[in-house]
Amino acid sequence: MNTMSSTPRTLLKEKLDQLQCHFTWGPQKEIIDLDDMVYRLQDSINIAVEYQAASYNQLAFVNCLQGNSEEAIQNLKEAEKILRENHKDAFERRSIITYGNYAWVHYHMGQLAEAQSYLDKLEMICKPLTDGPRYTAMIPEVYGEKGWSLLRSAAQHYEEATKCFEKALEEDPNNTEWIMGKATVLSRLESFSGTPESRERNQSVKYLRRVLELDPDDSMAMVKLASKLKGRSKKEEANKLVEQALQKSSNDPYVLRYSAKFYREERAVEKAINLLKQALELIPHSCFMHHQIGKCYRMKLDKLGDRHSRRPATPQQTELMSQCKYHFEKASKCGTRSGIRPKLDFADICIRCGEYSQAEEIYNNLLKLEALRPGNVQQICLEAGSFELYQKGSESSAISLFLKGVKIEYDSGERKQCKKKLEKWADKKLSYAPHDSRALGVRGLMYKMDGNKSKAIEYFEKALKIDHENEEYLSALSELRLSD
């Protein structure tokens with residue numbers, strides 16, 4: 001008999017695994033960028049008053065992962081205090097996740113009796129709410145907070161977050177907190193090329209309009225809706241919404257940042273920069289603000305036209321490149337997995353400044369990252385491959401990266417660009433080196449992707465006449481023949 005299976009700690013762990021809280025939800029230490037998450041949660045606590053308890057709950061989880069258990073307990077005390085003050089009539093329903101987190105933190109601290117005491121509290125709370133598990137209840141408050149937590153964690157979990165908000169809304173259809181959550185996650189999914197949501201971009205609009213029907217003063221819903229409407233030829237309504245939001249919430253950094261993004265996309269760059277600088281004064285560590293300011297300065301730089309490599313930059317170009325570099329570098333340092341786009345933008349401005357070694361270091365570090373969204377990997381492959389091809393003149397490395405991007409079966413804009421570059425390279429190569437096996441193999445793969453079996457077979461056969469033992473070509477050829 002295995003005596004370890006019946007130890008008090010093991011038995012307690014079995015009960016803890018039944019809980020619904022941050023410690024049992026998907027994103028764990030290897031997925032979350034912990035330092036970046038701490039920054040974002042602290043910003044949220046300082047600004048988004050209505051979400052403070054949920055932010056403290058998630059911060060407790062992150063602190064516990066980082067070994068700061070005492071700090072995690074203090075976070076949970078703050079969450080409990082806020083819930084008691086703001087949700088007197090629904091405190092017990094709202095406290096299920098907080099008490100679950102308490103139990104887990106005490107368990108990690110080796111305080112098993114304290115952990116059990118929170119399980120006892122949860123059993124008392126959940127008994128009248130559910131016929132299911134003893135220590136939790138799948139009620140809208142639990143589904144909703146889980147949805148927001150997944151939304152803050154990593155893009156890989158956005159689909160699951162959508163389902164959580166849907167579950168919450170089944171029982172509580174007029175709750176603006178859950179409707180806003182559903183709108184936010186749909187909006188993000190709509191922005192990713194390759195997702196089903198990106199092909200039907202107006203789902204989030206419906207939910208944002210519903211928020212404003214229920215709460216006409218919700219400034220965040222106004223600016224997010226405006227951002228969606230401007231792309232649907234409703235610029236007049238969009239402009240009015242942004243102006244209205246800024247009048248109501250001129251000191252809310254989230255309203256300022258989304259308003260600035262709206263104006264930047266409308267090419268009102270100076271207006272956008274002024275709003276972002278106001279927001280940056282309120283949350284000075286915000287990666288998002290620095291990234292958006294960098295993008296604004298890059299727009300101004302691009303407006304001046306391409307700088308000729310043999311001529312020195314003008315004073316105006318030099319100043320704008322310096323501003324871009326400063327803000328993109330600030331943005332790129334905040335997170336590892338969450339800051340892919342800022343890092344790529346920082347690498348791009350380093351290339352423009354002629355600082356190739358720094359750009360190469362950024363690309364090398366990005367290529368080492370694991371557990372990224374497929375679209376992010378394709379972005380990195382496309383931009384690192386372009387750097388290898390055009391700046392370093394390393395054709396072989398560039399083709400390897402473009403191939404890596406193309407072989408990821410995720411239908412993004414970056415994948416299409418990788419394919420286009422491979423086609424262009426292969427056609428050019430074969431025009432003067434018709435027996436180049438790699439170019440023939442690439443051409444075969446491109447025809448295979450296009451569904452042109454006969455041409456794909458022809459080119460893989462040509463490639464194998466030169467590179468007889470190439471396993472990739474043999475495998476592709478076998479697959480094509482079997483599919484006939």
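Ala-221 sits in helix α12, which spans residues 219-229; helices here (H or I, at least four residues) are DSSP runs numbered from the N terminus, as are strands (E, at least two). The model is a predicted one, so local features need a pLDDT of at least 70 and side-chain atom pairs count only at pLDDT 80 or more, while totals for chains, interfaces and linings use all residues. Residues are numbered from 1 along each chain as its sequence is written, and side-chain values use heavy atoms, with hydrogens and water left out.

Ala-221 is buried, its relative accessible area being 0% (buried means under 20%, exposed over 50% and partly exposed in between, with a 1.4 Å probe and protein chains only). Setting aside neighbours within four places in sequence, Ala-221 is in contact with Met-180, Leu-208, Val-211 and Leu-212, contact meaning heavy atoms within 4.5 Å. Between the C-alpha atoms of Ala-221 and Val-255, 34 residues apart along the chain, the separation is 9.2 Å.

Helix α8 (residues 140-153) packs against helix α10 (residues 176-191) at an angle of about 30°, and their axes lie 10 Å apart. Axes are lines fitted to C-alpha atoms, for helices over the stretch in contact, and angles between N-to-C directions run from 0 to 180 degrees. The angle makes α8 roughly parallel to α10 (under 35 degrees; over 145 is roughly antiparallel, 65 to 115 roughly perpendicular and the rest oblique). On the α8 side, the contact is made by Pro-140, Glu-141, Gly-144, Glu-145, Trp-148 and Leu-151, and on the α10 side by Glu-177, Trp-178, Met-180, Gly-181, Thr-184, Val-185 and Arg-188. These contact residues comprise six nonpolar, three polar and four charged; Ala, Val, Leu, Ile, Met, Phe, Trp, Tyr, Cys and Pro count as nonpolar, Asp, Glu, Lys and Arg as charged, and the others, Gly among them, as polar.

A second pair is formed by helix α20 (residues 374-391) and helix α22 (residues 413-432), packed at an angle of about 30° with axes 8 Å apart. Helices α20 and α22 are therefore roughly parallel to each other. Gln-378, Gln-379, Leu-382, Ser-386 and Tyr-390 of α20 meet Glu-414, Arg-415, Gln-417, Cys-418 and Lys-421 of α22. By class, this contact has three nonpolar, four polar and three charged residues.

As for confidence, the protein averages a pLDDT of 90, and 93% of the residues score at least 70; pLDDT is the predictor's confidence in each residue, from 0 to 100. Over residues 1-5 pLDDT stays under 50, and the model has four contacts for them beyond four places in sequence.
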